[in-house]
Amino acid sequence: MKVDFYQLSRDPAEKVVPLLARNTLKAGERLLVVSADDELTGKISARLWEGAESFLAHGLSGGPHDARQPILLADVPQPANGARFIVMADGVWQEAALGFERAFLLFDGATIEDARATWRTLDGRDGVERRYWRQDDAGKWEQAA
């Protein structure tokens, strides 16, 4: 499984999640977005709906149609929509993410030490491939060595 670490330096999580969601859907996958921060979840939801041509249909977990949602926003890593991809938008690593095909951990200055600890914890784990991404000044994401 792949774990992608995204260091948020220029753009906040609510701006990055739609990019990851769009790419996930293009790959024919479903996505679970996890955050224990209700305010952040609200911001992500609003961003996903923005744009008449580019909105990304989604739902909040606990609804009657969770299983049908291509993107499900939740506070716990339980993929009621059958997602195999997970985004931890609040910077908090969820060990359950190892049960997914692909995981994205978004972290900022406040959660960087936890992200570093997670990076070290996953080092050498069988079947886990780690990648680190950062944003350049122009906003483009590049994989760091």
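User: Let's start with Thr24: which helix does Thr24 lie in?
Analyst: Quick caveat: this is a predicted model, where local features need pLDDT of at least 70, side-chain atom pairs count only at pLDDT 80 or more, and totals for chains, interfaces and linings use all residues. Residues are numbered from 1 along each chain as its sequence is written, and side-chain values use heavy atoms, with hydrogens and water left out. Helices (H or I, at least four residues) and strands (E, at least two) are DSSP runs, numbered from the N terminus. Thr24 belongs to helix 1.

User: Is Thr24 buried or exposed?
Analyst: The cut-offs are under 20% relative accessible area for buried, over 50% for exposed, and partly exposed in between (1.4 Å probe, protein chains only). With a relative accessible area of 2%, Thr24 is buried.

User: Where does Glu29 lie, and what does Glu29 touch beyond its neighbours within four places in sequence?
Analyst: Glu29 is in the loop between helix 1 (13-26) and strand 2 (31-34). Its relative accessibility is 14%, so Glu29 counts as buried. Contact means heavy atoms within 4.5 Å. Setting aside neighbours within four places, the contacts of Glu29 are Thr24, Arg84, Phe85 and Glu101.

User: How many Å is the polar contact between the side chains of Glu29 and Arg84?
Analyst: A polar contact is a pair of N or O atoms within 3.5 Å; within protein, one must be able to donate a hydrogen and the other to accept it, and residues adjacent in sequence count only if both atoms are side-chain atoms. For the side chains of Glu29 and Arg84, the value is 2.4 Å.

User: On to the sheet: what is its strand order?
Analyst: Two strands pair if DSSP finds at least two bridges between them. The sheet is open, with eight strands and mixed pairing, in the order 3-4-2-5-6-1-7-8. Strand 3 (59-60) and strand 8 (141-144) have a single partner strand each, so one side of each lacks a neighbour in the sheet.

User: In strand 7, which residue is the bridge partner of Phe5?
Analyst: Strand 1 (residues 2-7) runs parallel to strand 6 (residues 102-107), with six bridges, and Asp4 has Phe104 as its bridge partner there. Strand 1 is also joined to strand 7 (residues 129-135) by six bridges, again parallel. The strand 7 partner of Phe5 is Tyr132.

User: Why are the buried residues of helix 3 on the same side?
Analyst: Buried in helix 3 (residues 112-122) are Ile112, Ala115, Thr118 and Leu122. They share a side of helix 3 because their arc around the axis is only 115°. That arc is taken from the directions from the helix axis to the C-beta atoms. As background, an α-helix has 3.6 residues a turn, so residues three or four places apart point the same way.

User: Which strands do the buried residues of helix 3 pack against?
Analyst: One of these residues, Ile112, is buried at 17% relative accessible area. Beyond residues up to four places away, Ile112 touches Gln7 and Phe107. As a group, the buried residues of helix 3 pack against strand 1, strand 6 and strand 7.

User: How far apart in space are Ile112 and Ala145, C-alpha to C-alpha?
Analyst: Ile112 has its place in helix 3. In sequence, Ile112 and Ala145 are 33 residues apart, and the C-alpha to C-alpha separation is 17 Å.
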